[in-house]
Amino acid sequence: MSITQNIADIRERMAEAARRSGRDPEDILLIAVTKLHEPDEIEEAIAAGITDIAENKVQEIQKKYDQIASPVRWHLIGHLQTNKVKNIIDKVVMIHSVESVHLAQEIDKRAAAAGKTMDVLLQVNAAHEESKFGLDPKDVPQVMQEILDTCPNVRIRGLMHMAPWSEDPEEIRPYFSEVKKLYDTLSEVEHPNADFSYLSMGMSHDFETAIEEGANIIRVGTSIFGERDYSKKMGGM
Ligand SMILES: *Cc1c(COP(=O)(O)O)cnc(C)c1O
């Protein structure tokens, strides 16, 4: 199947999941995860209506940024080292992977230097997986407060979550609903730089469950572009 056809299928499934949860499909953003995919594939996705793309590595954004001619918004969704913030601060519209005050402070510094305010999501690791980055849900309110207190050029727009891999969506549904509850609680925080609008959760194998539980951004790679070829991974394994 073609990338165009895959995107049409995903939009259909997104709409059904949105309707099941009583929401407007228009309110859910599909971000195409383009890691390890080539510029011509990305252009095809944009031609099929994709407005937002995401990479998990700073180097891939740097490499591809000028290769994509069509207008598109870039997101960073992977672990971000503080020394690399400067390389993407002028390229991405949102960083989904903020998981420490220290990282937020570096983003703040670089955003201030660039004369902008950076939109970020706080990454939550609800399943406490060792293999994944992200904050323990119980630590999120405190970290958020410290960021709000110390980072005038960082605007917190919501939460990001990556569920454990599972065959059975019912096994991971509780994680999505836990993160949604946390999102709703933190939405009440009143601060000029706390502007909760985005709950980024759901990937190829679990986006319908994530939407049913309240996600309004899904990040989909494999179901759009097919399996990734990890032999192309930059810098080796
Ligand atoms: C790779 C990646 C995705 C997309 O995963 P697929 O299973 O290919 O849809 C989503 N989120 C993050 C953080 C990723 O690194």
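**Aromatic pairs and the ligand site**

Trp 74 is buried, at a relative accessible area of 4% (buried means under 20%, exposed over 50% and partly exposed in between, with a 1.4 Å probe and protein chains only). Tyr 65, at 27%, is partly exposed. The model is a predicted one, in which local features need pLDDT of at least 70 and side-chain atom pairs count only at pLDDT 80 or more, while totals for chains, interfaces and linings use all residues. Residues are numbered from 1 along each chain as its sequence is written, and side-chain values use heavy atoms, leaving out hydrogens and water.

Rings of Phe, Tyr and Trp (its six-membered ring) pair if their centres lie within 6.5 Å, with planes under 30 degrees apart counted as stacked, over 60 as edge-to-face and the rest as tilted. Two aromatic pairs are found by this rule. With ring centres 5.6 Å apart and planes at 45°, Tyr 65 and Trp 74 make a tilted pair. Tyr 183 and Phe 196 also form a tilted pair, at 5.4 Å centre to centre and 40° between the planes.

Turning to the ligand, the residues that surround it include Val 33, Lys 35, Asn 56, Ser 204, Gly 221 and Thr 222 (a residue is near a molecule if one of its heavy atoms lies within 4 Å of it). An oxygen atom of the ligand lies 2.5 Å from an N or O atom in the side chain of Ser 204. For the side chain of Thr 222, the corresponding distance from a ligand oxygen atom to an N or O atom is 2.6 Å. A polar backbone atom of Gly 221 is 2.8 Å from an oxygen atom of the ligand.

Conventions: Polar contact = N/O pair within 3.5 Å; in protein donor to acceptor, adjacent residues only side chain to side chain.
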